[in-house]
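Visitor: Could you take me in for a close look at the sheet and its surroundings? I would like one connected account, please.

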Amino acid sequence: MNNEQTDVKLKMQDTLSLIDDTVKSMRRIASMLRPSMLDDLGLLATIEWQSEEFEKRYQIQSVIRCNKTQLDLKKEQATAIFRIFQEGLTNVAKHSGASMVQTIINVEEQQLQLIISDNGLGMESSKKNGRQTLGLLGIEERVTMLGGHFEILSEFQNGTTLLVKIPIVT
């Protein structure tokens with residue numbers, strides 16, 4: 001094999017490696033946009049799985065309660081609610097200093113209520129009413145896109161509760 005053939009072979013190997021990396025990145029991005037678990041297991045099971053992963057990673061007890069055994073939602077709703085839940089847990093891990101977080105999901109009369117409460121430090125009112133983090137802005141954007149409402153209830157040294165209400169569209 002001459003130098004020119006060797007160069008071509010190396011370039012082809014590099015190109016194939018780049019294609020493999022690109023495919024892996026696209027799969028990762030796609031799973032970030034809509035985890036396949038939502039399609040395979042449903043929203044509630046995916047939330048329970050994420051809760052268990054959160055506990056393992058952060059050593060913060062995570063309890064899930066739901067008044068339904070299955071949540072029948074449109075794909076867009078399920079994805080947005082899952083992402084809101086994820087961001088809520090991320091905020092607990094980053095900012096709360098909590099040892100426990102409880103998530104309650106109630107579905108009644110075409111409305112889903114998602115409540116994420118921690119036993120952490122809470123927020124001073126000046127911070128609660130001040131500049132929002134990107135995570136909270138993302139939650140607000142998702143809730144607004146679904147025609148819902150959210151609020152943060154917090155008392156310094158007494159934990160924080162994220163309350164989300166979303167109409168269920170069938």
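Guide: Gladly! Helices (H or I, at least four residues) and strands (E, at least two) are DSSP runs, numbered from the N terminus. This is a predicted model, in which local features need pLDDT of at least 70 and side-chain atom pairs count only at pLDDT 80 or more, while totals for chains, interfaces and linings use all residues. Residues are numbered from 1 along each chain as its sequence is written, and side-chain values use heavy atoms, with hydrogens and water left out.

Five strands form an open sheet with mixed pairing, in the order β1-β2-β3-β5-β4; two strands pair if DSSP finds at least two bridges between them. β1 (61–66) and β4 (149–154) stand at the edges with a single partner strand each, so one side of each has no neighbour in the sheet. From one strand to the next, the twist averages 10 degrees. Angles run from 0 to 180 degrees between N-to-C directions, and axes are lines fitted to C-alpha atoms, for helices over the stretch in contact. Contact means heavy atoms within 4.5 Å.

β1 runs parallel to β2 (residues 100–108), joined by six bridges, and Val-63 stands opposite Gln-102 in β2. Across β1 and β2 lies helix α3 (residues 43–58), at about 165 degrees to β1. Helix α4 (residues 75–96) lies across β1, β2, β3 (111–118) and β5 (160–167), at about 15 degrees to β3.

Finally, look at Gln-111 in strand β3. Gln-111 and Pro-167 are 56 residues apart in sequence, yet 4.3 Å apart in space, C-alpha to C-alpha.
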